Amino acid sequence: MTLRRRLVDWVLVGILILVPALVLRSSLSRGTPSAFDQAVVRITAPLEAGVSWIVEGIGGMWARYVALVDVESENRELREENDTLRKQVAELVRAADDVAALEELALVKKRTPTDTLGARVIGAPLSPQFRVMRLRIDRGDKEVQQDLAVIAGTGPVGRIDKVYGGYADVVLISDTRSKVDVVLKRTGARGTLVGLGKPDSYACVLKSLELAAKPELRAQVGDEIVTSGVGSIFPPGLVIGKVSRLDGDDGMFQNLEVEPTADVSRLRAVTVLLVLPPPADPDAKTKKRSEPAFMERAL
Amino acid sequence: MRTASIVLAAYVLCVIVAAIWRLVPTSLLRDAVPDLGALTAAYLGLTARRDVAPAVGGSVVLGYLVDLISGTPPGLGALVLGATSLVARTVQQRILVRGTTVTMAFSAFVAIAAGIVSLIVRGLYGVPTSTIGVELQHIALVTIATAIIGPLVWRVFRRIDAMFARTQRERDAALEGLAP
C-alpha cells in the first residue's frame with residue numbers, strides 16, 4: 001500500500017468521523033429531525049413496520065396459545081372472586097330494597113290520617129304463571145284483625161283476610177273476593193273494582209261504571225282510578241289503578257279492565273290501616289215508619 | 001458491496017432486535033439490548049482489508065440508521081460506531097477472534113468500548129446522561145447481552161463474507177474467521 005493511498009484512506013476516515021460529529025452538533029442545536037432524517041425514516045419505515053408486524057404476530061401467538069400456564073388457576077381465582085362479589089351485590093341490592101320499602105312505609109304513614117302499622121311481607125304464594133296470589137305479613141292477631149286495609153306506597157294492596165298466630169294473610173285487590181268502591185278520577189264517575197283472579201295477570205274489572213252520554217266523559221285507556229272512600233275499607237283518593245283496556249259497553253255500563261298500581265310482586269313491606277270499615281246497619285232490612293207529624297195527641 | 005451487504009444485514013437484525021425486545025416482559029431484560037451496531041462496527045474494523053475508510057463508512061451509515069430507529073440524536077450512534085470501528089482496526093493485528101469463547105469475550109470488549117465511547121461523546125456534546133450507577137448498570141447489561149449474541153451475529157457476517165470471497169481459500173478463511 002502506497003503512502004499516498006494510505007494518506008487518502010486516513011483522510012477519508014477523518015472526513016467520515018467528522019461528518020457524524022457535525023451532524024450530531026447540528027441535530028442537538030436544531031432539536032428536530034432534519035428533512036434528510038425524515039426522508040430516510042420514510043424510506044426505512046416499511047421495513048421496520050414489516051418486521052414489527054411479523055415479530056408482534058409471533059409474540060401474539062406465543063401470548064395467546066403458549067404462555068397460558070397460569071391462566072387456569074388465575075381463572076379459577078377470578079371465578080371464586082366473582083361469585084363472592086355477586087353474593088355481596090345481591091345482599092346490597094336486598095338491603096337497598098329494604099331501605100326503599102321502609103322509605104315508602106314512612107311516606108304512607110305520613111300522608112295517612114289514621115293510625116297505621118308497618119308490616120313486612122314474609123310470604124307470597126305464586127300462581128303457575130308466577131303471579132302473586134296473596135301476601136302473608138308478619139303481624140298477627142295481637143296487632144291486626146280481619147278486613148283491615150293494607151296499602152303500599154304505590155297504592156292499595158288489599159285487605160287482611162285471615163289472621164293466625166303471628167301472621168296474617170292479605171287478599172289482593174286482584175282477587176275475585178275483593179270489591180272496592182272507586183271513582184274515575186277524570187270524570188268523577190263511580191264504579192266497583194272487582195278482582196279477576198287471573199293466574200297470569202293482576203288485572204281487575206271495573207263494574208257498574210255508568211256509560212256517559214258525552215264521549216269525552218267516558219273512561220279512556222290510561223285514566224286513573226281512585227278509591228272513593230264510600231262503603232270501602234280504603235280512605236278516599238288513593239290511586240288504585242289505571243284503565244288498561246276498554247271492553248265496550250252493554251248500553252248502560254262501560255266495561256273496563258284496570259291494572260293496579262301497586263306491584264305486589266316487588267313488595268317487601270306494607271302498611272296496615274288500623275281503622276275498621278263501618279259496621280253494617282243492623283236495622284238495614286227492617287221496616288221503620290216515621291212517626292206521623294200531625295198525630296193526635298192526648299190532651 | 002461486501003460492506004453494504006453486512007451493513008444491510010446488520011440493520012435488519014437491529015430492527016428485529018428492537019421489535020423483539022419491545023415485547024420482553026421483564027424490565028431488567030428489556031434494558032439488556034445487544035449492541036449489534038458495535039458488533040458490526042467491530043467486525044468491519046477487524047476484517048478491513050487494506051483500506052479503513054469502507055469499514056468506518058459502513059459503521060457510520062449503520063450508526064446513523066440505528067440513531068433513527070432508536071431515537072437518539074442523529075450522529076451520536078454514527079460517531080460512536082465509527083470510533084468503535086477504529087478501535088477494532090487498532091487491535092486487528094494483535095488478536096485473532098476465533099472460537100466461541102474468544103468471540104464472546106471480544107464481543108463483550110466491543111460492547112464495553114462502545115459504551116465508554118458513547119459516554120465520552122455524550123459528555124463532550126452535552127447530551128443528557130443518567131447517574132453513573134445507572135449508566136454502568138446499562139453498560140454491564142448490554143455487554144452481557146452482546147457477548148451472548150456475538151458469536152451468532154459474527155457467524156452471519158462470516159457467511160456474508162464467504163459469499164463475497166473470490167477464491168475457495170478466501171471463502172474458507174472467511175468461514176474460519178481468519179483475518180484477510
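A pocket is an open set of grid points with protein on both sides within 12 Å along at least five of seven lines. The views below use that term and show a predicted model.

**View 1. The largest pocket and its lining.** About 980 Å³ of space lies in the largest pocket. Its lining is made up of 33 residues, and those closest to the pocket centre are B:Asp35, B:Val66, B:Ser70, B:Thr72 and B:His138. Helices α1, α3, α4, α5, α6 and α7 of chain B each supply at least two lining residues. The most come from α6(B), which gives six. Sorted by class, the lining has 20 nonpolar, eight polar and five charged residues.

**View 2. The largest cavity.** By the rule applied here, the model has one cavity of 30 Å³ or more. The volume of the largest cavity is about 50 Å³. Its lining consists of A:Pro156, A:Val157, A:Leu172, A:Ile173, A:Ser174, A:Tyr202, A:Pro260, A:Ala262 and A:Val264. Eight of these lining residues are nonpolar and one is polar, with no charged residues. Rolling a probe the size of a water molecule over the atoms shows where empty space is left.

View 3. Helix α1(A) covers residues 3-30, which is 28 residues; at 1.5 Å a residue it should span 40 Å, and its end C-alpha atoms are 40 Å apart, so the two values agree. Buried in this helix are A:Asp9, A:Val13, A:Pro20, A:Ala21, A:Leu24 and A:Ser27. After the helix comes A:Gly31, with a positive phi near 85°.

**View 4. The largest nonpolar core.** This core has 50 residues, and B:Phe106, B:Val121, B:Trp154 and B:Phe157 have the most contacts inside it. At least two core residues are supplied by each of α1 and α2 (35-66) of chain A and by each of α1 (2-21), α3 (36-46), α4, α5, α6 and α7 (132-163) of chain B. Helix α1(B) gives the most, with nine residues. In soluble globular proteins, nonpolar side chains tend to be buried together. Which residues does B:Val121 contact, leaving aside neighbours within four places in sequence? B:Val121 is in contact with A:Leu24 of the other chain and with B:Leu76, B:Leu79 and B:Val80 of its own.

**View 5. B:Val7 in helix α1 of chain B.** B:Val7 is found in helix α1 of chain B. Its relative accessibility is 8%, and it therefore counts as buried, the limit being under 20%. Not counting residues up to four places away in sequence, B:Val7 touches B:Leu44, B:Gly58, B:Val61 and B:Leu62. B:Val7 and B:Gly57 are 50 residues apart in sequence, with 10.0 Å between their C-alpha atoms.

**View 6. Helix α4 of chain B.** At 1.5 Å a residue, the 18 residues of α4(B) should span 26 Å; the end C-alpha atoms are 25 Å apart, which agrees. The helix is mostly covered, with 13 of its 18 residues buried. B:Gly71 follows α4(B) and has a positive phi, near 85°.

**View 7. A:Asp147 in a loop of chain A.** The loop that holds A:Asp147 runs between β2 (134-137) and β3 (149-152) of chain A. A:Asp147 is not a glycine, yet its phi is positive, near 75°. At 28% relative accessibility, A:Asp147 counts as partly exposed.

**View 8. A:Ser208 in a strand of chain A.** A:Ser208 lies in strand β8 of chain A, which covers residues 204-210. Although A:Ser208 is not a glycine, its phi is positive, about 60°. Is A:Ser208 buried or partly exposed? With a relative accessible area of 44%, A:Ser208 is partly exposed.

**View 9. Chain A as a whole.** Chain A has three helices and 12 strands. Of its 299 residues, 31% are buried. Among contacts in chain A between residues at least 6 apart in sequence, 53% join residues at least 24 apart.

Terms used:
Residues numbered from 1 in each chain as written. Chains lettered and ligands numbered in written order. Predicted model: local features only at pLDDT ≥ 70, side-chain atom pairs only at ≥ 80, totals over all residues. Heavy atoms only, no water. 1 Å grid on protein atoms, 1.4 Å probe; cavity = no way out; pocket = protein on both sides within 12 Å on 5 of 7 lines; lining within 4 Å. Points joined across faces, edges and corners; volume = space filled by probe spheres on them. Nonpolar A, V, L, I, M, F, W, Y, C, P; charged D, E, K, R; others polar. Helix = DSSP H or I, 4+ residues; strand = E, 2+ residues; numbered from the N terminus. Expected span 1.5 Å × (residues − 1). Buried < 20%, exposed > 50% of the residue type's maximum accessible area, 1.4 Å probe, protein only. Core = buried A, V, L, I, M, F, W, Y, C linked by side-chain atoms within 4.5 Å. Contact = heavy atoms within 4.5 Å.
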